Structure formats: C-alpha cells, structure tokens
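Visitor: I have just started learning about protein structures. Could you walk me through this one and tell me how you reach each conclusion?

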Amino acid sequence: MPLIVVSGPAGIGKTTLVSRWLRSLSADFPDGQLYADLRGHSADEPVRPAEVLGQFLRALGAGPPPTEPVELASLWRSLTADRRIAIMLDNSFTATQVRPLLLSGPGGLVVVTSRRRLTGLRMQGAGFHQLDALGPDAGVELLTRGIGADRVAGELSSVHRLVALCAGLPLAVCLASARLATRPRQSVGALADALARNTGGGRLAALEVEGETSVRKALDASYAVLNSETARLYRTLGLLPVRHFDAMIAAASCGESLEWAERRLDELVEANLVEDVGPETCRFHDLLRIHAHDRAMEDDTSAAREEALRRFCDWSLHTATAAQERLTPAQFTLPRSYDYPPDLPLPFADDVAALGWLDSRRTQLLDAVRLAANSGWHDTSWMLVDALWPLFLRLRHYAEWIEAHEIGLKAARQAGNRTAERQMLNSGAIGLGAAGRTEEAVAWYRDSLRAAREAGDVRDEGQALLGLGACHVEAGRPAEAVTHLNRAISVWEGCGYPRGAALARTALGEIALRTGATDEAVDCFTRAHAALVAVNDPHDAARALVFLGRASVRAGAYAEGMARMNEALEVFTGSGAAFWQARALEMLGVSAAEHGDATTAEDLLARARVLFETTSPADARRLGGGG
C-alpha cells in the first residue's frame with residue numbers, strides 16, 4: 001500500500017517500530033527516505049504542512065521552495081511523481097495535517113504514526129495497523145535486553161510481576177529496565193513492590209527516569225489535546241470501579257444523553273485513550289486507567305467526583321430494579337430512592353434480555369454494591385443487592401449471592417432500616433442454604449424470625465419460617481421441616497398472602513415426594529401451582545408444575561407427568577433460568593429411565609449435567625457419578 005497508518009496509545013512503540021521497519025526497506029526505495037515529526041502531541045503547536053513540504057523539497061534538492069501553500073503542494077506532487085521514496089510522518093495529529101504531504105506517484109510509500117486512529121485517511125486508501133500492548137513473553141524479553149539475562153533468571157517471578165504492572169506498555173517496560181540498570185543492587189522484586197503499592201498516580205511517578213520521557217508526560221500530552229467534554233468523560237471513566245464500559249454507562253455517569261456519550265466515547269477510541277474490545281464495549285489499558293483516575297483527582301472537585309459515582313450507582317440501581325420488576329413481578333420490592341434519577345432508555349425489552357443484562361453486568365453491579373457501601377451510601381448499597389434477586393434466584397452464582405448479601409445486610413443495619421435488614425437476612429439465607437451452608441442459613445433465618453416478630457411483621461415471619469423449614473429438609477429433619485412449613489402457611493393465610501402459602505406448600509410437596517407420600521405430594525403441588533398462576537408468578541408456578549409432573553409420574557400417570565415437566569421446562573428455557581432448566585431435565589431423565597427409555601434418559605441427563613456445570617457444580621458431579 002502507498003499509505004499506511006500505524007496507531008496506538010502513547011508509549012506503545014509506534015516510532016521505534018516504523019523506523020526500524022523502514023530502515024530494513026532501504027533497498028526498495030533508492031531515491032531516499034524522508035522523516036518529519038509533525039508534533040501532534042508536543043507542547044508546541046502541531047507543524048503546518050507547508051513547513052514540512054519546504055523541508056522535504058530542500059532535502060530533494062529543489063532549491064528555495066515557493067512560499068505559497070498551493071505552489072508548494074504542486075511542486076511536491078510533480079517532483080515526487082516518478083520517485084521511489086519512503087516517507088515517515090511521525091506523531092501526526094489529524095488526517096488534514098497529513099493529506100498535503102502524500103505522494104502522487106505509484107512507487108512511493110508514506111507511513112504515518114499517530115496516537116489517533118486517523119480514520120479519515122481511509123478516503124485516501126490507507127491501510128491501518130493498530131499496535132496493541134506487549135504480551136507477557138515479549139515484555140520479559142524487552143526487560144531482559146535492558147538488565148541482562150542473568151538478573152532476569154535470578155528473579156523470574158518478580159520479572160513477570162513487574163512486566164504485568166507495566167501493563168505491556170513498551171515505554172513503561174523500558175523505563176523500568178532503565179531504573180534497574182542504574183541501580184544494579186536493587187532487586188527486581190523491590191521495584192515491583194513499589195509499583196504495586198502505588199495503585200494510583202504514584203505508579204506513573206515511579207515509572208520516571210531523569211532525562212527520559214515518562215509515561216505520565218506521554219499520557220498528559222494525549223490528554224491535553226482533548227476537547228473539554230471528551231476530557232470530562234475520560235476523567236469520569238477513570239473514577240468508575242468497572243473494567244469495561246459502554247455508552248450507556250458513560251452517559252449515566254456524566255448525566256448526559258446517550259448520543260452525547262457515543263460521540264465522546266468515539267473520540268476517546270479515535271485518540272487511542274480507550275480500547276474498543278467488543279460490540280459497544282470499551283476498556284482502559286491499565287496504565288491509562290490509572291492516568292484517567294489521576295487526572296480526575298487533580299482536575300475535578302470532590303463534589304464533581306462524588307456526583308459522577310453516585311450517578312453511576314443510581315443508574316445501576318434503576319436499571320437492575322427495572323429488570324427485577326420484569327422478571328419477578330410477584331416478588332415484594334422495597335421502595336427505591338435516588339439522588340440522580342436516570343433518564344435513559346432501558347438496555348433490554350424482554351425477560352431473556354433482562355436476565356442476560358443482569359448476568360453480563362453482574363461484576364459491574366457488584367462493584368456498584370461495594371462502591372456504595374464503602375462510600376457510606378448504605379441505602380443504595382442494600383437496594384442494589386435487593387435488585388439482584390432474579391439473577392441469584394435463576395442463575396445461582398452462589399459466591400456472589402452470599403458476598404452481596406453480607407454487604408447488603410451490613411448496609412441495611414448501618415442505614416437503620418429494619419425492613420431492609422430482614423429482606424437481606426431472608427434472601428441471603430436462601431443463598432447460604434442453596435450453597436450447602438445450611439447451619440449458617442439457619443442462623444440468618446432465626447435472626448430474621450426474631451426481628452420480624454419484634455416488628456410485628458407477619459409476612460416476614462412467614463418468610464423466615466419457610467426458610468427454616470427448607471433448612472431442616474436439607475439437614476435431614478423432615479418432621480421439624482413440616483412443623484415450620486405448616487406454621488408459615490398458617491401465618492400467611494392469616495394475613496392474606498396466598499403466594500407465600502403456595503411456596504410453603506411447594507416445599508411440603510417436596511418432602512412428601514421424597515418420603516413416598518405421592519398422593520399428598522400431588523395435592524400440595526396442585527394447590528401451589530393454581531395459587532401461583534393466580535398471582536402471576538410464572539417462575540414459581542413452573543417450579544410447582546415440574547414437581548407436580550414428577551409426582552404424577554410416581555403416581556403412575558407417566559404421559560401426563562412428562563407433559564407437565566416439559567411445559568415447565570419451556571417456561572424455564574424461555575426465561576433463561578438455567579438452574580431450573582437443569583432440574584427439569586434431570587426429573588425428565590430420571591422419569592424416562594424409570595419407564596425403561598434408556599436412550600431418552602441418557603440424553604436428558606447429559607443436557608442437565610451441562611447446565612449444572614455452570615449453575616451448580618455439585619449437582620453436575622452428582623449426575624456425572626451416576627447419583
């Protein structure tokens with residue numbers, strides 16, 4: 001190609017790479033090679049094209065060049081039309097700066113380096129080469145060239161850690177090796193420890209060597225040419241506790257429209273200050289994230305920083321609550337409050353998309369939970385945990401379920417909200433019980449039961465009794481379980497809460513099914529299913545239905561039972577409830593095996609095992625072992 005653009009963030013090695021490559025091609029360009037630094041990110045103004053053309057024409061022996069830009073460009077095109085020359089335009093700022101310097105003949109080559117992507121040069125037929133960070137092995141090799149193989153071999157684990165802290169940025173690795181080379185008695189581990197301790201701007205300060213361009217200075221130069229709005233977004237993104245972000249997060253955190261955020265995010269991608277890593281998803285290079293955070297700490301007021309973070313938390317809460325209301329409409333939801341109510345469209349339009357959003361964003365949402373708790377925004381913290389209920393219920397991420405509720409419980413107590421405290425105790429205890437931590441779950445439920453009775457909240461009292469009943473089932477104490485579940489039904493029917501009574505009857509039906517009381521199980525599941533359909537709780541209605549199908553098979557109604565289980569499976573599949581898809585498939589498989597259909601049973605159990613591998617590894621092991 002006659003025109004190549006090599007782009008990448010500051011310190012990635014663009015100039016070194018292109019210079020070395022062009023030197024290797026000197027025989028292909030017998031009429032010479034020309035170089036110009038266009039100073040796109042220097043402290044001075046970028047170089048004007050006319051100034052560069054004058055230098056190039058003098059280098060080619062054209063005599064005193066004209067002074068008019070149009071005449072300069074005309075002379076340049078005619079003089080280079082038949083020449084085989086290579087030109088390096090280093091540190092370019094815009095496509096407009098580059099276009100007048102392009103060659104007109106077919107035998108030349110122009111290579112442009114820039115911290116910006118210069119996509120406007122696509123109109124001139126440019127080929128684009130984006131430089132990425134060094135991989136771990138390449139980073140170790142580069143450090144080895146600076147400090148020697150013996151020193152690297154003696155501290156190999158520390159070398160790998162140091163390279164990782166430099167985040168694959170060649171400039172950072174070179175500066176680290178320069179520091180070590182001038183301090184032959186300093187261990188690599190000591191420098192790695194120093195970088196690790198400096199998680200903010202201190203790490204950039206540690207990557208400085210007297211007389212050398214530092215990482216901070218290089219990144220400051222890239223930041224300095226941003227317009228004020230794009231620079232604000234850069235700083236705001238640096239504050240957020242997320243590794244990946246999109247235009248929606250950017251808009252929410254800045255309090256701007258989605259269109260505003262898309263434009264500004266595109267500008268940051270074009271400037272190579274954020275990386276485009278997937279459909280509508282971006283991230284920071286690690287050192288750029290530190291730099292963006294550092295700029296926010298220096299350039300923004302504490303009030304502005306707090307507002308950005310609160311906006312992020314409020315948007316996370318608002319969107320997660322919308323998903324919760326869609327996915328579990330029958331579930332009691334505590335009131336929400338916002339400092340900055342978001343005014344952005346929801347990123348989902350149906351149940352599957354809502355659950356998918358919760359799952360794909362769960363790391364970000366848990367980061368918001370932690371951020372709110374650490375910032376003293378206790379109500380926001382427990383509300384976020386409460387909004388994640390459909391995610392935990394349907395996809396069973398146990399470790400995150402339990403951690404979130406430990407944070408949420410503490411936040412509810414610090415907020416002095418006893419109702420929220422009981423909500424955290426109950427939903428957290430469900431996670432503990434599902435994860436096999438039965439005695440811990442019992443302790444949480446007992447705390448909830450005590451608090452509910454103190455508050456006179458019979459609805460929460462029933463929830464705690466239901467949970468205690470489920471725990472006694474798991475602990476192998478069915479008689480105690482039945483006592484608690486019947487008390488829960490009595491409490492809930494007394495206060496007019498049919499959904500709760502139906503959930504307790506589902507649990508009683510499970511006990512009856514396990515103990516061989518098939519007729520009793522069918523009666524419990526039938527009543528529970530009808531009540532849950534009546535209150536528009538499709539997920540729990542499907543749970544009752546799949547158990548009813550299994551009980552029907554055990555009662556001798558094979559075809560009817562299989563049909564009911566398949567109907568429930570359709571509901572779980574449509575809603576994305578992977579754990580309950582697996583449970584339904586397992587019940588279908590066991591029923592088929594009992595009926596003598598070994599081929600169908602094997603297929604159904606294999607499908608269940610695959611789903612259990614991601615939602616309940618213990619169940620996957622149980623099926624894998626023929627349990």
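Visitor: How do you know that helix α26 has about the span expected for its number of residues?
Guide: This is a predicted model, and in it α26 covers residues 498-514, which is 17 residues.

Visitor: What makes α26 largely enclosed by the rest of the structure?
Guide: A residue is buried if its relative accessible area is under 20%. In α26, 15 of the 17 residues are buried, so the helix is largely enclosed. After α26 comes glycine 516, with a positive phi near 85°.

Visitor: Why are β2 and β5 said to stand at the edges of the sheet?
Guide: The open sheet has five strands in the order β2-β3-β4-β1-β5, with parallel pairing. β2 (33-37) and β5 (127-130) each have a single partner strand, so one side of each lacks a neighbour in the sheet. On average, neighbouring strands are turned by 15° against each other, ignoring direction.

Visitor: How do you know that β3 and β4 pair?
Guide: Pairing needs at least two bridges. Strands β3 (residues 86-92) and β4 (residues 109-114) have five, in the parallel sense, so they count as paired. Leucine 89 has valine 112 in β4 as its bridge partner.

Visitor: Which strands does helix α2 touch?
Guide: Helix α2 (residues 49-59) packs on the sheet and touches β2 and β3, with its direction at about 155° to that of β2.

Methods. Residues numbered from 1 in each chain as written. Predicted model: local features only at pLDDT ≥ 70, side-chain atom pairs only at ≥ 80, totals over all residues. Heavy atoms only, no water. Helix = DSSP H or I, 4+ residues; strand = E, 2+ residues; numbered from the N terminus. Axes fitted to C-alpha atoms, helices over the stretch in contact; angles between N-to-C directions. Contact = heavy atoms within 4.5 Å. Expected span 1.5 Å × (residues − 1). Buried < 20%, exposed > 50% of the residue type's maximum accessible area, 1.4 Å probe, protein only.
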